[in-house]
Amino acid sequence: MPTTRGFFRRRPAEPAGRLPPGQYDVGGSWPVLTAEATPHLDLDAWTLTVDGLVERPTTWTWDEIRQLPKATYSGDIHCVTTWSKFDVVFGGVSVDDLLAAAGPQPEGRFVMAHSSTGYTTNLPLADLTGGKAWVVWEFGGRPLTREHGGPVRLLVPHLYFWKSAKWVSRLELMAEDQPGFWERNGYHDRGDPWREQRYQGDQ
Amino acid sequence: MSTDGSIDAVKATATAWTTGRIITKDLPTPDLVRLRMHVEDRARHRPGQHYLIRLRAPDDYTAQRSYSLASDDSDPLVEFLVERLPNGEVSEFLADVADVGDVLEVRGPIGRWFTWDTRTPALCLVGGTGVVPAVAMSRAARRVGRMDLLRVVAVGRTPEELPYADELGHAGATITYTRQAVADRPAGPPTASEVAPLLAGVELAYVCGSSRFAQFAETLLIDCGMSPQSIRVEQFGATG
């Protein structure tokens with residue numbers, strides 16, 4: 001594509017390998033992008049379930065999930081709307097620990113993450129294992145606010161952030177990949193920011 | 001542009017980058033720019049969908065942002081209304097540098113959630129430049145002769161600052177200003193007594209505006225009896 005008349009880079013070049021293609025550093029702000037009404041969720045009634053193709057369908061209450069080993073993610077996040085945010089710190093538990101408790105069956109190779117709002121997003125199981133995904137309730141050491149998915153959201157920071165379902169309530173293991181909410185609505189099935197897999201039609 | 005006016009003829013398709021030429025440009029206010037563009041190999045769109053606009057520097061640095069369409073599918077051009085944000089590298093370029101005849105990289109239409117099917121009774125509660133998708137929905141309603149199905153409540157600070165206020169007003173929208181009394185209406189956001197009567201028979205609500213506006217609008221709609229599951233939200237913030 002030809003250059004745009006009169007347009008020049010304003011931002012200094014980022015350190016190599018830090019900013020995926022087409023992204024910019026949003027700095028200190030954290031934009032809120034949500035497709036549905038933001039819910040008010042009561043932690044006393046909150047649960048998270050891992051079920052579907054697993055040996056032991058398991059549900060955690062708020063008290064129970066905090067008994068699991070605490071895990072932290074420190075790093076960057078990338079939104080499909082082109083902002084990236086560097087050096088965020090989330091606290092919660094590793095999805096590996098949740099899956100270990102539930103015991104995925106061999107044919108359960110895909111996951112649908114469900115939120116209490118009805119939002120869904122699909123992921124290959126391989127994107128949720130090996131220390132790449134968390135269920136989190138702290139941001140910067142403080143409780144995660146509801147507009148950012150609190151009390152508890154999924155965190156899959158190596159994929160575009162719509163995969164990190166806000167208000168997550170269920171991880172359902174499936175044999176076949178099925179499109180979730182944004183994936184049915186024109187967005188890419190995998191969403192790797194380094195390959196710029198934003199929309200259907202991207203390779 | 002379209003030959004078949006029915007919404008079902010507008011199919012969801014994968015999109016690719018193409019180019020668009022700016023045919024007209026005007027600034028309705030110093031901080032709002034309206035661009036009308038001719039898009040090569042344009043696909044049909046549903047009201048509420050958006051496009052990406054991508055700018056490319058000589059060193060191949062690119063910046064892209066999403067902008068909702070104000071135009072109807074039947075319009076030979078696509079129309080964007082963009083707010084100039086402080087330090088917004090794309091919005092400032094579009095407002096201050098881009099000119100008629102310039103060719104920009106564009107991609108769309110994108111998004112199938114925040115769209116109206118022109119058949120479902122719906123209400124738009126929109127604020128500031130969040131009126132843009134409601135303008136597209138209103139134009140589609142007019143084209144298919146079903147303006148009875150779409151109710152619009154548009155919220156601005158003052159009449160000078162609210163884009164498309166005249167067009168929406170002529171289409172029957174309820175216009176409210178938070179900072180200025182107009183006619184008999186005192187300054188202030190829309191109230192439950194203004195919105196609740198408009199919800200009779202409404203099955204879907206579309207909320208578009210800043211994050212702060214969206215929080216206000218969701219609360220108001222739920223207070224008026226709307227189910228949270230029937231509210232679709234499009235928010236924008238510091239993504240300039």
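## Elements and model

Strands here are DSSP runs of E with at least two residues, helices are runs of H or I with at least four, and both are numbered from the N terminus. The model is predicted.

## A six-stranded sheet in chain B

Chain B holds an open sheet of six strands. Their order is β4-β3-β6-β1-β2-β5, and the pairing is antiparallel. The edges belong to β4 (62-68) and β5 (78-83) of chain B. Each has a single partner strand, so one side of each lacks a neighbour in the sheet. From one strand to the next, the twist averages 40°.

Inside this order, β1 (residues 18-29) and β6 (residues 103-110) of chain B run antiparallel and are joined by four bridges. B:T19 has B:E105 in β6(B) as its bridge partner. Strand β6 of chain B also contains B:P109. The peptide bond between B:G108 and B:P109 is cis, with omega about 0°.

## Two buried residues in chain A

A:W62 sits in helix α1 (residues 62-65) of chain A. Its relative accessibility is 15%, so A:W62 counts as buried. Beyond its neighbours within four places in sequence, A:W62 is in contact with A:L43, A:W46, A:W137 and A:V152. A:T47 is 15 residues away along the chain, and the two C-alpha atoms are 6.3 Å apart.

A:K166 lies in the loop between β10 (153-155) and β11 (168-174) of chain A. Which side chain of opposite charge is nearest to A:K166? A:E147, but at 8.1 Å. Leaving aside neighbours within four places in sequence, the contacts of A:K166 include A:V32, A:S115, A:H148 and A:V152.

## Backbone exceptions

Most residues other than glycine have a negative phi, and most peptide bonds are trans. Some places in this model depart from that pattern. A cis peptide bond runs from A:G150 to A:P151, with omega near 15°. A:P151 is in the loop between β9 (142-143) and β10 of chain A.

A:T82 is not a glycine, yet its phi is positive, about 95°. It lies in the loop between β4 (71-78) and β5 (83-94) of chain A. A:T82 is buried, at 1% relative accessible area. In chain B, B:Y164 has a positive phi near 65°. B:Y164 occupies the loop between β8 (150-156) and α3 (165-170) of chain B and is buried at 9% relative accessibility.

## Salt bridges

Over all chains, the whole structure has 32 salt bridges. One joins A:R10 to B:E92, with the closest N and O atoms 2.9 Å apart. This pair crosses between chains, from the segment before β1 (24-25) of chain A to helix α1 (residues 91-96) of chain B. A:R10 is partly exposed at 45% relative accessibility, whereas B:E92 is buried at 19%.

A:R190 and A:D127 meet at 2.7 Å, N to O. The pair links distant parts of the chain, 63 residues apart: the segment after α3 (181-184) and the loop between β7 (120-124) and β8 (134-139) of chain A. A:R190 is partly exposed at 28%; A:D127 is buried at 4%. A:E196 and A:R198 form a salt bridge at 3.0 Å, with A:E196 partly exposed at 21% and A:R198 buried at 2%. In chain B, shared partners join B:R36, B:D75, B:E79, B:R139, B:R142 and B:E167 into one salt-bridge network.

Terms used: Residues are numbered from 1 along each chain as its sequence is written. Chains are lettered from A and ligands numbered from 1 in the order in which they are written. This is a predicted model: local features need pLDDT of at least 70, side-chain atom pairs count only at pLDDT 80 or more; totals for chains, interfaces and linings use all residues. Side-chain values use heavy atoms; hydrogens and water are left out. Two strands pair if DSSP finds at least two bridges between them. Axes are lines fitted to C-alpha atoms, for helices over the stretch in contact, and angles run from 0 to 180 degrees between N-to-C directions. Buried means under 20% relative accessible area, exposed over 50%, partly exposed in between (1.4 Å probe, protein chains only). Contact means heavy atoms within 4.5 Å. Lys and Arg count as positive and Asp and Glu as negative; His and the chain ends are not counted. A salt bridge is a side-chain nitrogen of Lys or Arg within 4 Å of a carboxyl oxygen of Asp or Glu.
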